[in-house]
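Trainee: I'm new to this one. Could you show me how to read it?

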Amino acid sequence: MALDYTKKTIKHFLKPKNIGSIDNPDGYAKIGNMVCGDQLDFFLKVEKGKIIDVKFLSFGCASNIATASVLTEKVKGMTVARAKKYDWQKIVEDLGGLPRQKIHCSVMAVQGLKKAIDDYEKHLLQTAREKKTLKPVKDKKTSVEKNLNSRKRK
Ligand code: FES
């Protein structure tokens, strides 16, 4: 049985866009499907709320590669907020269709991207919390400093 792939899907499979990894990514996720055994890794670089770079590694089928390829092509340059709304139907539409048996590949690609965005947001929140707790206390002398100063005057 041969599956009916569109020319665009075959093109993205044979020459995928944004394949590879990113050193020190702002967001990273690994996702897999226990049924088919396919896997994707997503890497994100974000600046001022925009995805400035996105790459993926695939250990999967032709649709796994093609859906991740078209997804990364579309979300590169998008705001994180907009990228979070990108859904699997849009990937299928962008590829001009996918065989019914391969729809789950597009779902997994979207879930992987969203997981990488979650990772980015988690780190952002953690960094903000750390900055807040490490904020220096200005013009407030500790009781030890006050005691030292009062002893010096005597
Ligand atoms: Fe499972 Fe493609 S067959 S991701």
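Let's go through the layout, the sheet and a helix.

Mentor: This is a predicted model, where local features need pLDDT of at least 70, side-chain atom pairs count only at pLDDT 80 or more, and totals for chains, interfaces and linings use all residues. Residues are numbered from 1 along each chain as its sequence is written.

Trainee: How many helices and strands does the protein chain have?

Mentor: Helices (H or I, at least four residues) and strands (E, at least two) are DSSP runs, numbered from the N terminus. Here there are six helices and three strands, in the pattern α-β-β-β-α-α-α-α-α along the sequence.

Trainee: In which order do the strands form the sheet?

Mentor: Strands of a sheet pair through backbone hydrogen bonds, either parallel or antiparallel. Two strands count as paired if DSSP finds at least two bridges between them. This open sheet runs β1-β2-β3, with antiparallel pairing. Because β1 and β3 (50-59) each have a single partner strand, one side of each is left without a neighbour in the sheet. Between β1 and β2 there are six bridges, and Ala29 stands opposite Phe42 in β2.

Trainee: Which residues of α5 are buried?

Mentor: An α-helix has 3.6 residues a turn, so residues three or four places apart point the same way. Buried means that 20 or more other C-beta atoms, placed from the backbone, lie within 10 Å of a residue's own. In α5 (residues 103-133), the buried ones include Cys105, Met108, Ala109, Gly112, Leu113, Ala116 and Tyr120. Among the elements covering the buried residues of α5 are β1 (27-32), β2 (39-47) and α2 (62-75).

How values were computed
The expected span of a helix is 1.5 Å times one less than its number of residues. A residue is buried if 20 or more other C-beta atoms lie within 10 Å of its own, exposed if 12 or fewer, and partly exposed in between; C-beta atoms are placed from the backbone. Two residues are in contact if their C-beta atoms, placed from the backbone, lie within 7 Å.
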